[in-house]
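Here are my notes for you to read beside the model. Keep the 3D view open and check each point as you go.

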Amino acid sequence: MRLPPLRAPPPCGARALALAAAVMVAPPHRSFEPDIDWATGVWTLPLPEGGEWKRMMPLSALEVAAGLPRLPSGGVLRLEEMGVSDKGGFGGTVWRAAGALCRWQLASVETIRGARILELGAGTGASGLFAAGLGARQVVLTDGEDNLLPLLQKNAKHNEELCLGDVVVGQWCFGELPRFPLPEGLEGANNYFELVIGSDITYSVKYNRNGLAQTLQQLLQSGTAKRCILSHEHRRSDMFDMETIARNTLPSTWDENDDALGIFLASAAEHNLLVTPLVTEWGMRAKGTNRIALTTDLSIFEVTYIG
């Protein structure tokens with residue numbers, strides 16, 4: 001089925017700046033200087049004097065689901081990263097949301113095996129290559145950043161022995177048509193992609209409010225894709241507020257105090273897309289002698305077209 005043209009968004013290169021702003025969110029209530037371990041996704045910040053820090057585990061007991069799970073074969077993906085300070089920006093790093101999406105795939109392996117899968121905003125290709133390792137017959141890895149396409153090619157090459165199907169790499173900016181030849185057989189095919197996946201791509205709304213929703217609507221409404229599953233890391237506006245941390249209670253709603261997610265949900269509704277949360281992995285809190293460590297909440301949700 002031919003994909004309809006879409007309105008051109010701002011340049012894809014703005015993605016790194018938008019992600020930087022989303023990640024380095026400023027504490028709204030009390031001013032602290034949080035640090036992040038990019039390899040694990042653990043934030044640390046000073047422990048203020050006083051207060052009752054209840055229901056917090058010792059810092060030594062903090063377990064972080066930072067990496068990707070093993071494949072059923074026992075294999076582990078070999079992934080190069082560019083790092084946040086390199087030319088690939090934030091897209092060249094494996095974020096915790098990718099691990100959550102891979103764990104969802106493990107639990108839904110019958111959906112993955114034998115399927116044709118499109119990964120949007122692939123970055124390192126972690127989630128899509130994991131699908132290839134689970135037995136997807138074809139995986140199309142796409143990203144809008146010029147500098148990340150060679151990284152995707154390298155990572156696809158590194159994992160050739162683990163991938164059970166074909167892996168294709170191409171450029172695709174949200175809100176635009178793909179900038180590479182579409183796979184043979186896609187034109188005129190209904191539900192060509194059984195599954196569209198994306199990890200931590202909702203932050204694109206910071207520079208291009210409607211681009212992602214336009215692309216998902218395009219894929220689902222046209223019938224090019226059957227299902228869409230996304231993972232999201234909640235960088236909530238109060239994540240560094242000491243009173244919030246001390247209460248150590250779960251948010252009352254899955255989108256509470258999450259500005260980027262709120263923008264995406266509004267844009268999705270405007271494009272006749274229904275967003276349904278499927279799985280939430282709650283973050284962890286730990287206390288040391290002079291610091292607090294925390295990880296963010298992660299969510300898996302499905303996007304469907306209801307127009």
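1. Start with two terms. Two strands pair if DSSP finds at least two bridges between them. Helices (H or I, at least four residues) and strands (E, at least two) are DSSP runs, numbered from the N terminus. With that in hand, look at Pro-58: this residue stands opposite Lys-287 in β10. The strands β3 and β10 pair in the parallel sense, over two bridges.

2. A word on the source. This is a predicted model, where local features need pLDDT of at least 70, side-chain atom pairs count only at pLDDT 80 or more, and totals for chains, interfaces and linings use all residues. Residues are numbered from 1 along each chain as its sequence is written, and side-chain values use heavy atoms, with hydrogens and water left out.

3. Now the whole sheet. What is the order of the five strands in the open sheet? The order is β1-β2-β11-β10-β3, and the pairing is mixed. The edge strands are β1 (35-37) and β3 (57-58), since each pairs on one side only. As background, strands of a sheet pair through backbone hydrogen bonds, either parallel or antiparallel.

4. Next, look at β11. Strand β2 (residues 42-46) pairs with β11 (residues 291-294) in the antiparallel sense, over four bridges.

5. How many residues does the hairpin use to join β10 to β11? The hairpin passes through three residues.

6. Turn to Cys-163. Find this residue in the loop between α5 (149-158) and β6 (166-171). Is Cys-163 buried or exposed? Cys-163 is buried, because its relative accessible area is 11%. Buried means under 20% relative accessible area, exposed over 50%, and partly exposed in between (1.4 Å probe, protein chains only).

7. Which residues does Cys-163 touch, leaving out those up to four places away in sequence? They are Leu-129, Ala-132 and Gly-133. Contact means heavy atoms within 4.5 Å. The C-alpha atoms of Cys-163 and Leu-134 are separated by 7.7 Å, and the two residues are 29 apart along the chain.

8. Last, Cys-228. This cysteine is buried, because its relative accessible area is 1%. The structure holds zero disulfides (a disulfide being a pair of cysteine sulfur atoms within 2.5 Å).
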